[in-house]
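Reader: I have a model open and want to learn to read it. Where do we start?

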Amino acid sequence: MNDDPVLITGATGFLGGFLAGELVRRGKRTFLAAGPQAGAVDRIRRLLEFLDVTPKYSPKVFSSDITKPGLGLCPEDARALDTIREVIHCAALTSFSHRERARLEAVNIDGTANILDAVPACRRFYHMSTAYVAGKASGTCMEEPVSTRCFNNHYEATKKKAEDVAMHVCQGRNIDLTIFRPSITCGDSRTGRSTRFNALYYPVRVMLFLRDTIRKDILERDGSRAYSLGASMDPSGRVRLPVSLPGAGRINVIPVNYLVQAVIAVMESGATGIFHLVNPRENTVGELASFTEDFYGITGISISRELEADGPLQALVNSYMKVYYPYFCDGRSFDRKRSDRVLLNEGLVCPSLNREVFKVCMDFAIEMDWGARTEF
Amino acid sequence: MDRAAASALETARQCRHYAMCKIDCLGTGVCPSGRRNHFVSYYPQGIMDITAALLEERIPVSAGLFHVADQCTMCGICDLQCNFVTGLRPMKAVEALKRRVTELRARGAVPVEAPEDSFLLSLREITGREFSTSDPAHLTAYSTDPCPTSVETVPGYVALPEDTQQVSSIVRLCRSCGVEYVVRGNGSSVMGFVLSPGVIIDTARMRTLEFRTEDRSVTVGAGISSMELQKEAVSMGFRVNTAEPSALYCANIMCSGVFSLFSSSCGTGLDNLIDAEFVDDEGNILQLSGRNGPNPCAFQRSGALPPGICTRAVVKLHPVCEGESAIAVPFDSMEPAILYARELNAMDIGLGIGVLGTEYLCTFMAPTAGLAGTMRRIYGDDLGIGYMVVVLGNRHHLKAARALAPCAIEQGMITALTLGMTSLENSGFASILKGMGTDSPYMNLAEPGMQILVEAALDPSPEALASAVDPDLRESYAALYSRDEMTDMLWLNTFRIISSRMGREGHVVAFILYVPMDVPDLVAEIHRSFARVADENGVRGDFGFLTPLERGSMGVLEWDMYLDHTDEDEVKRAQEAMVQAAGMIEGLQGRDPRILWIRYVFNQGFARKESFLHRGSLLSHE
Ligand SMILES: Cc1cc2nc3c(=O)[nH]c(=O)nc-3n(C[C@H](O)[C@H](O)[C@H](O)COP(=O)(O)OP(=O)(O)OC[C@H]3O[C@@H](n4cnc5c(N)ncnc54)[C@H](O)[C@@H]3O)c2cc1C
Ligand SMILES: NC(=O)c1ccc[n+]([C@@H]2O[C@H](COP(=O)([O-])OP(=O)(O)OC[C@H]3O[C@@H](n4cnc5c(N)ncnc54)[C@H](OP(=O)(O)O)[C@@H]3O)[C@@H](O)[C@H]2O)c1
Ligand code: SF4
Ligand code: SF4
């Protein structure tokens, strides 16, 4: 890895944070851009502590608002960026909410352009995109620019436009561009460590919430509410939740430690282009449901082809599933030729989301109270 | 000043003057001393003012002061009532007053009798000796209100007439002696209207109430509060279009014409008035229905003097039907909420409709300011509720309202969420809904059967809710909230015992406007303009409510600013904001003649609403 300092945007976020942590650990000189809120230095300090990283070189930390030209930096911070030649752009808004349309555009699309503008000497731009820029495309998604105009939500649409912006600007300014397209990312496959617990985690969190609610109603009250919800508890304390999950298709999950290693391997290889960072071994919702049942004292989760609509427990599950359906019941596959060429060469194989990895990730999430203790 | 006195003074100065301690708002009784003696000075509200004045040494030791202190039975009724609405503990002021009077007596202080001049003698001849006074303790309870623009004005006298004849005689006396007067109901208009250096004519003793159910009418004396009127009406199977429960009904008619959520079906102003009796400024007795009575069609756009003191009003009774209830329809933004409320009203659906902001909703439902804050965060930020349309109606209304709504939260869910409010945060339920990543997490609350899950998660109960209040009041709160009505949206809108909670976190300055509701963008613009004025002046403020009228073509909108009326800096900022808001409203009225600030309706509340809502079309306007 070269000695040039690297700017990492979204360094307080999940992927940006883990990448920043690893690069700092390896002694890379880093400029870490947090989001607009106050206390960037303290947030990064706590994040590095959480990641067990003792910096060799203290990173230069500043807050930024990438929706603003010049990133809203003070003149001194702005000048510091003049020397930056390498950028890993992880800042983004990942909301699927329709209400966030305007902000999604501002952060994801304008933000990408603003970052490139703010770093005049940039020579290498690593852009964190997503495997789901493919939108509603079916079949095999290639490691190529996407042409689809149909998306499952505005997040996907803005991520696709952000890729376009990055390609357009980098081509115009002769900047080497690498685009990473990870699939759903979970915690570290060995420790479960993560800072965000949405996507994959959320349905498990809902199940555990329902389990605890039902248990409490039965153990501490008369259980009448639990029973009228069709739930029950067996003598061993296992709670039966009569809910069903849609089981068509597959879900692609990669652990964050793999993502970090893969990104660094691609950076070190000097390769440009688009890289799918995806798991060759996908999971089914049924598998994940049975892991949840086995590890967390739950029974009764059934798998159906589509979303079922019956009763309040199911309604709660559906509410989430409606949003995440395209990712949990994915029929697409992701081409990996370019990434395999670099990563397999480096001996990097993506760990499967098997029972052990699932458990270590979920246990960590529970320990962190689903993120309440990882607010950096 | 010792610590107890300082704390009492702090409490006393915070009195909001909304007079909720002058009525039996909680069904727990009403101040026996006030009921017996009628002057506001004997009620907790008056005691707050008197205690503040005494501790700040602004009043002398008078006979009235001793009498007020002696008459208080220390029953404690006021502590629960006032705490329920404002979070204050008036017993601190009551105890401080008692203590100070005991000390004064121990020190041998001799109370001075207020001099009985010839004018007072004449007043006393009319009302009976004990019902007219110039005692400084009593006068002090009639000399202020928390409005930032009110100027403290100590009256010369306070008189409590018992009937129309006595009112007429007082007016004639004042006229012949050149003494000014003002009529006062419960003083809860809190806009400085009921302050005067002359005589305050307090209508508290004019307590006649006669029902003619066969004619669906009730004759209401000027001293009857909306709460008393509504209680009687409901017990007979009727409802009256009342607003604030502490407002004396005749005062409310005269002042604002009475607008409430029910106005969407039964109107405002003259709509609910069959007749009224007035004493004009020469002491003549007039009837609205009489030849010389005021013309309710002659609305004066520039504002008007009252036709006189309203001594009685004959009011419409609306029958209550079996199975009336309510639903709440949440929205994330204002425009769709307005469109929905308007659509219902255009189709004549619902007995009452109101678009409420989250600020109101949470403030009303939560028993403490702390919980209201938590609720605002959870309802607003986590669940995404920006506005809630409350629909009151019979079975058929509600069926139609549900069918037209994107989703509807039922009464049972409202009860569960209210009684389970203290667990909303810790149970994880709210964060589960928030984390869904869906656009409108609140939609889950409208799912059939979700109430059971909410109940299982929150384990709602009166005791759980009561755990949020001061420990010594918990038992009383638990008893209150074990009554179904306390979470029943229809009942709460009928009796309105929680709406004055809007002043709990600071005195409220309400801006009320009639607005064209068929232009939701304009309403949203009005909201933004108020918000800008408040923001620029560093004043806390928010949209209150909007009720459709006239089949959705018009609406009555309230926007509120809040302040600590005892903080000079906040008062100054609020004054400036009020001036700017006034200018802004005048500008809006110039742009669209259908916009009307309610200040122009004051004193003409008996007017036909068509005369002010459609004033651009009046022939006299040409
Ligand atoms: C928290 C809060 C919420 C409110 N919400 C509403 C609402 O939703 N709808 C609504 O309509 N109002 C509302 N109001 C306004 C208030 O209820 C009215 O101003 C009502 O008139 C107050 O009644 P009162 O007896 O206290 O009158 P006062 O304050 O004593 O008097 C009000 C005015 O009427 C005059 N007046 C009093 N009695 C008579 C009489 N017998 N004859 C002639 N004039 C008389 C007074 O001189 C004064 O100008 C609200 C007020 C508060 C504090
Ligand atoms: N997580 C996944 O499973 C996953 C999968 C595929 C692709 N991705 C992609 O990976 C990237 C990072 O995702 P993530 O999960 O790490 O997201 P995240 O945890 O939400 O982090 C987002 C980062 O962006 C920063 N940010 C947001 N708005 C900003 C603004 N206006 N100005 C400056 N910084 C701003 C945030 O800063 P503050 O927190 O300081 O505000 C935060 O550091 C995104 O591009 C996403 O599309 C993620
Ligand atoms: S704050 Fe209201 S309820 Fe409390 S004493 Fe004053 S007027 Fe009465
Ligand atoms: S304690 Fe005194 S002021 Fe309070 S309600 Fe009882 S008698 Fe009235």
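Author: Start with a polar contact, a pair of N or O atoms within 3.5 Å. Here an N or O atom in the side chain of Arg43(A) lies 2.7 Å from an oxygen atom of ligand 2. Backbone N or O atoms also take part: that of Ala92(A) is 3.1 Å from a ligand oxygen, and that of Thr185(A) is 3.0 Å from one. The model is predicted; local features need pLDDT of at least 70, side-chain atom pairs count only at pLDDT 80 or more, and totals for chains, interfaces and linings use all residues. Residues are numbered from 1 along each chain as written, chains are lettered from A and ligands numbered from 1 in written order, and side-chain values use heavy atoms, without hydrogens and water.

Reader: How is strand S14 of chain B placed, enclosed or open?

Author: Strands are DSSP runs of E, at least two residues, numbered from the N terminus. Buried means under 20% relative accessible area (1.4 Å probe, protein chains only). Seven of the seven residues of S14(B), 387-393, are buried, so the rest of the structure largely encloses this strand.

Reader: What about its two faces?

Author: In a regular strand, side chains alternate between the two faces of the sheet. In S14(B), both faces are covered: Val389(B) and Val391(B) are among the buried residues on one side, Met388(B) and Val390(B) among those on the other.

Reader: Which strands pair with S14(B)?

Author: Two strands pair if DSSP finds at least two bridges between them. S12(B) runs antiparallel to S14(B), with seven bridges. S13(B) is also antiparallel to S14(B), with six. Val391(B) stands opposite Ile327(B) and is the bridge partner of Ile353(B).

Key
Buried means under 20% relative accessible area, exposed over 50%, partly exposed in between (1.4 Å probe, protein chains only). Helices (H or I, at least four residues) and strands (E, at least two) are DSSP runs, numbered from the N terminus. A polar contact is a pair of N or O atoms within 3.5 Å; within protein, one must be able to donate a hydrogen and the other to accept it, and residues adjacent in sequence count only if both atoms are side-chain atoms.
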